[in-house]
Amino acid sequence: MALLPILRYPDPRLHTRAKPVARVDAGIRKLAADMAETMYAAPGIGLAATQVNVHQRLLVLDISDDRSQLQIFINPEILSREGECEGEEGCLSVPGIYETVKRSERVKVRALDRDGKPFEIDADGMLAVCLQHEIDHLDGKVFVEYLSKLKLGRIKAKLAKQARITA
Ligand code: NI
């Protein structure tokens with residue numbers, strides 16, 4: 001396994017729309033394993049392939065307290081949405097920034113598992129929010145883009161300052 005470098009907002013590659021995974025093979029399973037390792041090391045609760053500059057529809061997440069419930073979603077699709085909720089989100093590609101975003105409260109998602117078998121889940125709470133956040137990444141969208149232009153401008157300035165300090 002290997003740690004993968006995570007793209008930082010506003011890297012334009014984060015705006016790439018990922019292509020469906022054509023075949024769930026050993027290469028995809030290796031990518032999922034590397035993404036999981038990268039997510040746990042960061043540490044984060046979710047990671048989309050887009051964030052490691054691989055533009056295929058694959059995401060990993062683990063919202064459990066003891067980090068023991070890895071979930072892999074290949075070619076995830078939101079089949080239906082219900083309700084509305086608001087909560088603070090962060091992102092490994094936007095370090096140090098936490099902002100409130102409106103999301104659907106419940107989503108039904110269909111995807112393939114690591115063996116290429118289709119499954120469906122009804123998600124709510126943090127899992128629903130996390131899935132929407134990660135699927136957005138696969139569509140080239142980063143959560144801060146839901147904010148006002150003014151707020152986004154401030155965030156970009158803050159990130160630019162951070163980058164200068166770390167460089
Ligand atoms: Ni993110």
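In which strand is the place of Asn-75? Asn-75 has its place in strand E3, which covers residues 71-82, where helices (H or I, at least four residues) and strands (E, at least two) are DSSP runs numbered from the N terminus. This is a predicted model, in which local features need pLDDT of at least 70, side-chain atom pairs count only at pLDDT 80 or more, and totals for chains, interfaces and linings use all residues. Residues are numbered from 1 along each chain as its sequence is written, and side-chain values use heavy atoms, with hydrogens and water left out.

**The chain as a whole**

The secondary structure consists of three helices and seven strands, which follow one another along the sequence in the pattern α-β-β-β-β-β-β-β-α-α. The radius of gyration of the chain is 15 Å, close to the 15 Å that the globule rule gives for 167 residues, so the chain is as compact as a globular protein of that length; this radius is taken over C-alpha atoms, and the rule is 2.2 Å times the number of residues to the power 0.38. Along the principal axes, the C-alpha atoms fill a box of roughly 45 × 40 × 30 Å.

Of the 167 residues, 41% are buried, a term that stands for under 20% relative accessible area, while exposed stands for over 50% and partly exposed for values in between (1.4 Å probe, protein chains only). Among contacts (heavy atoms within 4.5 Å) between residues at least 6 apart in sequence, 64% join residues at least 24 apart.

**The nickel site**

The nickel ion is coordinated by Cys-91 through SG and by His-133 and His-137 through NE2, at 2.1 to 2.2 Å. Donors are N, O and S atoms within 2.8 Å of the metal (3.2 Å for Na, K and Ca), and because water is not among the atoms, sites may look incomplete. The donor residues are spaced C-x41-H-x3-H in sequence. Cys-91, in the loop between strand E4 (85-89) and strand E5 (99-103), and His-137, in helix H2 (residues 125-138), are 46 residues apart and link distant parts of the chain. Both Cys-91 and His-137 are buried.

His-137 is also among the residues in contact with Thr-50, which include Leu-7, Arg-13, His-55 and Leu-138, when neighbours within four places in sequence are left aside. Thr-50 itself is found in the loop between strand E1 (46-48) and strand E2 (58-61), and with 0% relative accessibility it counts as buried.

**Backbone features**

Most residues other than glycine have a negative phi, and most peptide bonds are trans. The table lists backbone angles in this model.

| Site | Feature | Angle |
|---|---|---|
| Tyr-9 and Pro-10 | cis peptide bond | omega about 5° |
| Ala-42 and Pro-43 | cis peptide bond | omega about -10° |
| Asn-53 | positive phi | phi near 65° |
| Asn-75 | positive phi | phi near 50° |

Pro-10 has its place in the segment before helix H1 (26-41), and Pro-43 in the loop between H1 and E1. Asn-53 lies in the loop between E1 and E2 and is partly exposed at 33% relative accessibility, whereas Asn-75 is buried, with a relative accessible area of 18%.

**The two ends of the sequence**

Ala-163, in helix H3 (residues 149-166), is partly exposed, with a relative accessible area of 44%. Ala-163 and Arg-8 are 155 residues apart in sequence, and their C-alpha atoms are 9.5 Å apart in space.
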